[in-house]
Amino acid sequence: MGTYPPISEQLDDVESARAEGHRKMDWARQHMPIMTTIQEEFVADKPLEGQRIGMAMHVEAKTAVLVETLAEGGAEVAVTGCNPLSTHDDVSAALDEHPNITCYAKRGVDDEGYYEAIESVIDLEPTITVDDGMDMVAAIHEDHPELIETVVGGCEETTTGVHRLRAMDEDGALDYPVFAVNDTPMKRLFDNVHGTGESSLATIAMTTNLSWAGKNVVVGGYGYCGKGVAKKAAGQNANVIVTEVEPRRALEAHMEGYDVMPMAEAAEVGDVFITTTGNRDVITKEHFEVMKDGVLLANAGHFDVEVNLNDLADLAVAERDARDGVHEYEMEDGRRLNVIAEGRLVNLAAPIALGHPVEVMDQSFGVQSACVREMVENGEKYDAGVHDVPDELDKEIAEIKLDADGVEFDSLSDEQKEYMGSWQHGT
């Protein structure tokens, strides 16, 4: 049994925290027409009545709107953080005030507290899991396999979590169905590209008070997140260098006009390094040894393993906090290498980070809500394993957004539908 207390039991002035948390949530909600529409439907129809939802997410204002929506849909919800530095305690306290929500998320917890909070969420014996990084799914399978029989299914939000889930599925170790929300177009094309790109660059600029113009920005990885970072950096007049291990992505970056080279070469010329791979040891000792004085090192991947801070600490002769959210490592030759947000997810873990823009997360969380509803209503259709989000759910969210923005679009005529569905039309 988990012993970690809800956030309301951990704060000195919980009432003030709740008031500020609700203020942040109100602002987010004003700019989330998709979630507003879905919440109205959930309140009216109660599609999640009787469900118990366990969540491990970045607990800030936008996520809170998703958590609230699931609770308003009739579910009992327990939620905690998925990163030790991404929680906003005031938002966590505001969620914990809801009669159907228990929130354990707290900023700055150590590893022990982080996993104790996950255990407390699992005490709810969830019938649905909603994860960002897959720690909840892993904990249930490894430590509480007796609960799997009553789990209807789950949803996974982010790239790293989906990678872990697919590996788990390939090993035959994933024992209930999970939607790969990250892989659907409404997530990848907007959240990963525009969300990661805009929020990472904005957070780094605000944390350092430095400009992008004229700097050599090295983007580690050219997946959807890397594409977003590269595109937005180029738009701020930076010179973009891409490093890749996948030949087609490297070629794509080259054809987009970016310089492409190995990290060993990029390390010598980069001014700012942003990793987006989801893999470990993207930047290591050999790279630190040749970097210029004053470089910035940031990570936009889910876990803090992409920039090897153990290697960096071993090389350093002195360390200090150069600014809030910036830790400086001084090398023996006097060079200073600056790590932002402890190498954690920069757009959520830096002291002033706010995560992706509200409008972007409105789309992602709209898909999450629709997937939870689908799993509750049609869970028997899905075998254990990783599943793509049904295309009609993804389109449903896009249509809500277009309608809210007053954008009209065409539809196929009957003749066009017939033509596209036939193999018999030739030259």
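Lysine 46 sits in the loop between helix 2 (33–45) and strand 1 (52–57), where helices (H or I, at least four residues) and strands (E, at least two) are DSSP runs numbered from the N terminus. Its phi is near 50°, a positive value in a residue other than glycine. The model you are looking at is predicted, so local features need pLDDT of at least 70 and side-chain atom pairs count only at pLDDT 80 or more, while totals for chains, interfaces and linings use all residues. Residues are numbered from 1 along each chain as its sequence is written, and side-chain values use heavy atoms, with hydrogens and water left out.

**Loops with positive phi**

- At 34% relative accessibility, lysine 46 counts as partly exposed; buried means under 20% relative accessible area, exposed over 50%, and partly exposed in between (1.4 Å probe, protein chains only).
- Asparagine 209 is not a glycine either, yet has a positive phi of about 60°.
- The loop that holds asparagine 209 runs between helix 8 (185–208) and strand 7 (216–220).
- With 63% relative accessibility, asparagine 209 counts as exposed.

**Salt bridges**

- The whole structure has 24 salt bridges, each being a side-chain nitrogen of Lys or Arg within 4 Å of a carboxyl oxygen of Asp or Glu.
- One of them joins the side chains of aspartate 90 and lysine 24 (2.9 Å, N to O).
- Because aspartate 90 lies in helix 4 (residues 89–96) and lysine 24 in helix 1 (residues 14–30), this pair ties together parts that are 66 residues apart in sequence.
- Aspartate 90 is buried, with a relative accessible area of 14%, whereas lysine 24 is partly exposed at 27%.
- Lysine 62 and glutamate 60 meet through their side chains in another salt bridge (2.6 Å, N to O), and both residues are buried.
- A further salt bridge links the side chains of glutamate 246 and arginine 248 (2.6 Å, N to O); arginine 248 is exposed, with a relative accessible area of 65%.
- Arg166, Asp183, Arg188 and Asp388 belong to one network, joined by salt bridges that share partners.

**Cysteines**

- How many disulfides does a search of the whole structure find? The search finds 0, a disulfide being a pair of cysteine sulfur atoms within 2.5 Å.
- For cysteine 155, the nearest cysteine sulfur is that of cysteine 371, 4.9 Å away.
- Both residues are covered: cysteine 155 is buried with a relative accessible area of 2%, and cysteine 371 is buried with 0%.

**Cavities**

- There are 3 cavities of 30 Å³ or more. A cavity is a set of points, on a 1 Å grid over the protein atoms alone, where a 1.4 Å probe fits but cannot get out; lining residues have an atom within 4 Å of a point.
- The largest cavity has a volume of about 60 Å³, volume being the space filled by probe spheres set on the grid points, which are joined across faces, edges and corners.
- Its lining has 13 residues, of which Thr80, Gly81, Lys106, Val109 and Tyr114 lie nearest the centre.
- Strand 2 (76–81) and helix 5 (111–122) are the elements that give two or more residues to this lining, and helix 5 gives the most, with 3 residues.

Methods
1 Å grid on protein atoms, 1.4 Å probe; cavity = no way out; pocket = protein on both sides within 12 Å on 5 of 7 lines; lining within 4 Å.
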